[in-house]
Amino acid sequence: MKRRDFLALTALGSVSCLSPRFAVAKTLASAGPSDFDFVFFTDTHIQQELDAAKGCAMCFEKLSGHGADFAIQGGDHVFDALGVPVERSESLYDLYAQTEKRLGMPVHHVIGNHDVVGAYSKSGLAVTDPRQGKRTYVSRIGKTYYSWDHKGYHFIVLDSIQLTDDRNWQAGIDPAQLEWLSNDLKSIPNGMPVIVAVHCPITTGALAYSLHDMSKPPKYQQAFVNNACDVIPILTQHNVLVVLQGHIHINETVLYKGIPFVTCGAVSGDWWRGSHWETPEGYTVVSLRGGKATWRYETYGFKTISPRND
Ligand SMILES: [Fe+2]
């Protein structure tokens with residue numbers, strides 16, 4: 001069954017905004033998948049400073065009490081590994097791994113830009129070093145894009161971080177990954193509900209909310225995936241319930257061609273300095289019921305010790 005057939009069976013459910021919670025429902029008029037919850041938590045940006053590890057521990061303690069089947073970490077596990085000495089990056093990876101044990105549930109991971117070790121020249125790390133780039137992430141955490149099934153739903157994790165030859169990065173989905181994504185979705189049963197997780201948004205209105213000078217486009221697009229026009233036509237051929245996104249540290253939903261692209265608030269809020277654009281520190285609980293996805297944002301009570309505007 002093609003997506004257009006499913007669209008005939010689906011109806012957009014209620015949209016509500018109950019700050020700080022919100023929910024959007026997209027219904028599927030068929031039985032089959034089992035019911036369960038999972039948690040999408042993103043942008044932990046763990047570090048030894050600013051009570052970040054304490055904050056992550058607080059978050060994980062509350063998060064583990066929801067009875068979720070598993071969690072997805074949406075990227076930016078560590079405060080920053082791009083431009084710091086490798087010893088610092090390794091200490092942050094160690095701290096994250098130690099802290100994540102508190103979750104006590106399976107965790108699927110998404111790579112974020114700040115998880116890339118020594119990408120910037122200022123890190124002092126040679127590109128030939130076995131720890132440089134995505135190698136540390138792969139060796140410590142695993143593949144950067146992959147998929148799995150759970151109780152009748154298909155989950156896909158994408159890698160939105162593309163390294164450039166001049167030791168920088170841009171947000172995008174490379175051709176090999178696009179081909180993999182297309183083939184992966186073709187391999188699942190027609191109409192199977194799909195959830196996608198990615199760090200840099202496929203689509204977002206974030207630039208419209210900020211004060212960036214739009215007359216001077218950056219050399220590399222680092223706010224959102226620069227080739228969404230290649231990704232979205234693949235997703236719209238299938239029953240994608242929701243695309244969960246990180247990176248921006250705000251709550252926002254862009255509904256495009258029937259797919260909710262949901263950017264989620266960060267565990268670290270404003271990088272451990274309070275709320276970011278009035279989005280507090282938190283995570284997103286996703287409930288799957290009979291082929292329908294709803295989600296809500298949960299805070300966990302972290303109080304920064306160093307507000308950005310102090
Ligand atoms: Fe981040």
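**Entry 1: strand S11.** I looked up the bridge partner of Val-243 in strand S13 of this predicted model and found Phe-261. S11 and S13, the latter covering residues 259–263, pair in the parallel sense over three bridges. I then turned to strand S10 (residues 194–198), which pairs with S11, also in the parallel sense, over five bridges. There, Val-196 has Val-243 as its bridge partner in S11. I checked burial next: six of the six residues of S11 (residues 240–245) are buried, so the strand is largely enclosed by the rest of the structure.

**Entry 2: the nonpolar core.** Which residues touch the most other members of the largest nonpolar core? I noted Val-39, Phe-40, Ile-195, Val-196, Ala-197, Val-243 and Leu-244, in a core of 69 residues. In soluble globular proteins, nonpolar side chains tend to be buried together.

Entry 3: I located Val-39 in strand S3, residues 36–41. Val-39 counts as buried because 24 other C-beta atoms lie within 10 Å, the cut-off being 20 or more. Beyond four places in sequence, I listed its contacts as Leu-63, His-66, Ala-68, Ala-71, Tyr-283, Thr-284 and Val-285. I also recorded a C-alpha to C-alpha distance of 9.9 Å between Val-39 and Tyr-297, which are 258 residues apart in sequence. For Phe-40, with the same exclusion of neighbours within four places, the contacts include Ala-197, Leu-244, Tyr-283 and Thr-284.

**Entry 4: confidence.** I read an average pLDDT of 90 for the chain, with 89% of the residues scoring at least 70. Over residues 1–30, pLDDT stays under 50, and the model has 53 contacts beyond four places in sequence for them. Where pLDDT is low, the predicted coordinates should not be read in detail.

Definitions and conventions
Residues are numbered from 1 along each chain as its sequence is written. This is a predicted model: local features need pLDDT of at least 70, side-chain atom pairs count only at pLDDT 80 or more; totals for chains, interfaces and linings use all residues. Helices (H or I, at least four residues) and strands (E, at least two) are DSSP runs, numbered from the N terminus. A residue is buried if 20 or more other C-beta atoms lie within 10 Å of its own, exposed if 12 or fewer, and partly exposed in between; C-beta atoms are placed from the backbone. Two residues are in contact if their C-beta atoms, placed from the backbone, lie within 7 Å. pLDDT is the predictor's confidence in each residue, from 0 to 100. A nonpolar core is a set of buried Ala, Val, Leu, Ile, Met, Phe, Trp, Tyr and Cys residues joined through C-beta atoms within 7 Å. Two strands pair if DSSP finds at least two bridges between them.
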